[in-house]
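Please look over the chain shown here before reading the briefing, which moves from the overall fold to individual residues.

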Amino acid sequence: SFQLRNDLPTSIENNQLSFLYQPIVDLKTTEIVGADALIRWEHPSWGIVPTKELCAIAEEIGFIINLGKWMLEEVCRNYKEWLKKGLSPIKVGLNYSGIQFFENNFAENVLNTIREYELDPSFLVIEITESTLIRNAEKVRKDIETLKTNGIQIALDDFGTGFSSLADLSAFPIDILKID
């Protein structure tokens, strides 16, 4: 809707965005070993805007880079608080749009943000879709290698919804495959 497109750029300063963390549990030990960070937008008129719609609007209006930076900072801030409270380190998965990989210094910006919070980058799992691998494949491959060199894992989300085969994926250093 027109109103959502207009309101999204001010959603951050209006404190309308938040995360829900979906735990990933080891079934043998029942220990929480990770969490997926799921962004939520609580719009004052429309209520909860579904994540896919939120991201589609952010991409459409050119807000996805700013949104992605806020998301990473918020996840880092939350994770730092968890560690200060004595919680065990876990992996946190965060979805990234393929458009974010077009940012000139994408990998360096991610790493710099994590360093600002004095965190070990290995806590982060960057989740991408098949279409991200297809667009600008060489830059994406270089960014993934830079991130992986610093301990960040890469997950391919919703595998099976695109056109990639497992053979196609062998060209990319993917750590985790999430099947749709």
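The briefing begins with the chain as a whole and then turns to a pocket and to selected residues.

This is a predicted model, in which local features need pLDDT of at least 70 and side-chain atom pairs count only at pLDDT 80 or more, whereas totals for chains, interfaces and linings use all residues. Residues are numbered from 1 along each chain as its sequence is written, and side-chain values use heavy atoms, with hydrogens and water left out.

**Overall fold and confidence**

- The chain contains seven helices and seven strands, where helices (H or I, at least four residues) and strands (E, at least two) are DSSP runs numbered from the N terminus.
- Along the sequence, these elements follow the pattern α-β-β-β-α-α-β-α-β-α-α-β-α-β.
- The mean pLDDT of the chain is 89, and 89% of its residues reach 70 or more, pLDDT being the predictor's confidence in each residue, from 0 to 100.
- Where pLDDT is low, the predicted coordinates should not be read in detail.

**Surface, burial and contacts**

- Of the 180 residues in the chain, 39% are buried; buried means under 20% relative accessible area, exposed means over 50%, and partly exposed lies in between (1.4 Å probe, protein chains only).
- The accessible surface of the chain comes to about 9,800 Å², and 53% of this surface belongs to carbon and sulfur atoms; the areas come from the Shrake-Rupley method with a 1.4 Å probe, and for residues only the protein chains shown count as cover.
- Among the contacts in the chain with a separation of 6 or more, 64% are between residues 24 or more positions apart, a contact meaning heavy atoms within 4.5 Å.

**The second largest pocket**

- The second largest pocket has a volume of about 170 Å³. On a 1 Å grid over the protein atoms alone, a pocket is an open set of points where a 1.4 Å probe fits, with protein on both sides within 12 Å along at least five of seven lines, and lining residues have an atom within 4 Å of a point. Grid points are joined across faces, edges and corners, and the volume is the space filled by probe spheres set on the points.
- The lining of this pocket is formed by Tyr21, Pro23, Glu31, Ile32, Gly34, Ala35, Trp82, Leu87, Ser88 and Ile90.
- Strand 1 and strand 2 (32–43) each supply at least two residues of that lining, and strand 2 gives the most, with three residues.
- By class, the lining residues divide into seven nonpolar, two polar and one charged, with Ala, Val, Leu, Ile, Met, Phe, Trp, Tyr, Cys and Pro counted as nonpolar, Asp, Glu, Lys and Arg as charged, and the others, Gly among them, as polar.

**Buried residues**

- Ser11 lies in the loop between helix 1 (2–7) and strand 1 (17–25) and is buried, with a relative accessible area of 0%; residues up to four places away in sequence aside, Ser11 touches Gln16, Leu17 and Trp41.
- Leu54, in helix 2 (residues 51–60), is likewise buried, with a relative accessible area of 0%. Beyond four places in sequence, Leu54 is in contact with Leu8, Ile39, Trp41, Val49 and Leu67, and the C-alpha atoms of Leu54 and Leu4, 50 residues apart along the chain, are separated by 8.6 Å.
- Glu127 sits in strand 5 (residues 124–128) and is buried at a relative accessible area of 4%. Its contacts, leaving aside neighbours within four places in sequence, are with Asp36, Gly93, Leu94, Asn95, Tyr96, Ala155, Asp157 and Lys178.

**Exposed and partly exposed residues**

- Gln22 belongs to strand 1 and is partly exposed, with a relative accessible area of 44%. Apart from residues up to four places away in sequence, Gln22 touches Gly34, Ala35, Asp36 and Leu38; Gln22 and Leu38 are 16 residues apart in sequence and 7.3 Å apart in space, C-alpha to C-alpha.
- Asn15, in the loop between helix 1 and strand 1, has a positive phi of about 55° although it is not a glycine, and Asn15 is exposed at a relative accessible area of 68%.
- Thr30, in the loop between strand 1 and strand 2, has a positive phi of about 60° and is not a glycine either; Thr30 counts as exposed at 61% relative accessibility.
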